[in-house]
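Here's a quick walk through some helices and a loop. Have the fold open while you read.

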Amino acid sequence: MRFAATILAACLVSLPLATGALGQGASLQDQFAAIDSDGDGSLTVAETIAFQRKVFALLDQDGDGAFSRAEFIEILERQAADAGADAAQADQRGGIWTQRFDGVDFDQNGIVTTAEFDQAHEFRFESKDTDGDGRLSFAEFGAVALPRPAE
Ligand SMILES: [Ca+2]
Ligand SMILES: [Ca+2]
Ligand SMILES: [Ca+2]
């Protein structure tokens, strides 16, 4: 389950979904290390996309290169339940996840494709790379999980 916990946490960062109970299972350091495949202490866009493709594969369970909003919410809710999240807050989580999903579903057809997923992570990478050096330091990476987009 460790990989799943890391993946869930990565979803929290990458799509970023929610905080609190769902953040259990993988620290920010764990997530950073999981993405930093060459271990040099910074993340390139290639490392980020390579990692997010693994996340995509978990979300796209039938392997057709896309996942729907319903699939997305179902998978995250299952992982949240496995992680011991409060079932009474499932609706609230679902609402947050729907918003996050819609933020990645650029053409708003209820389905996220590989292209949309990659594009979302490229945008996100660029927005996190505050010094513009093409790499995410741990500080830049960590800063991402906190800000809330205007809603
Ligand atoms: Ca690296
Ligand atoms: Ca699919
Ligand atoms: Ca940077």
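A crossing of two helices counts as right-handed if the near helix is turned clockwise from the far one by less than a right angle, and left-handed if anticlockwise. In this predicted model, α3 passes α6 in a right-handed crossing. The axes of α3 (residues 45–59) and α6 come within 10 Å and cross at roughly 140°. Angles over 145 degrees would count as roughly antiparallel, so this pair is oblique instead. On the α3 side, the contact is made by Val45, Thr48, Ile49, Gln52, Arg53, Val55, Phe56 and Leu59, and they meet Thr114, Phe117, Asp118, His121, Glu122 and Phe125 of α6.

Now for α5. Arg93, Gly94, Trp97, Arg100, Phe101 and Val104 of α5 are buried. Looking down the helix axis, these buried residues fall within an arc of 125°, so they line one face of α5. An α-helix has 3.6 residues a turn, so residues three or four places apart point the same way. Over on the other side of α5, Asp91 and Gln92 are exposed.

What covers that buried face? The elements include these:

| Element | Residues |
|---|---|
| β2 | 66–68 |
| α4 | 69–82 |
| β3 | 111–113 |
| α6 | 114–128 |

One last stop is the loop between α5 and β3, where glutamine 108 is found. Glutamine 108 isn't a glycine, yet has a positive phi of about 60°. With a relative accessible area of 58%, glutamine 108 is exposed, because the cut-off for that is over 50%.

Notes: Residues numbered from 1 in each chain as written. Chains lettered and ligands numbered in written order. Predicted model: local features only at pLDDT ≥ 70, side-chain atom pairs only at ≥ 80, totals over all residues. Heavy atoms only, no water. Buried < 20%, exposed > 50% of the residue type's maximum accessible area, 1.4 Å probe, protein only. Helix = DSSP H or I, 4+ residues; strand = E, 2+ residues; numbered from the N terminus. Arc of directions from axis to C-beta. Contact = heavy atoms within 4.5 Å. Axes fitted to C-alpha atoms, helices over the stretch in contact; angles between N-to-C directions. Parallel < 35°, antiparallel > 145°, perpendicular 65-115°, else oblique.
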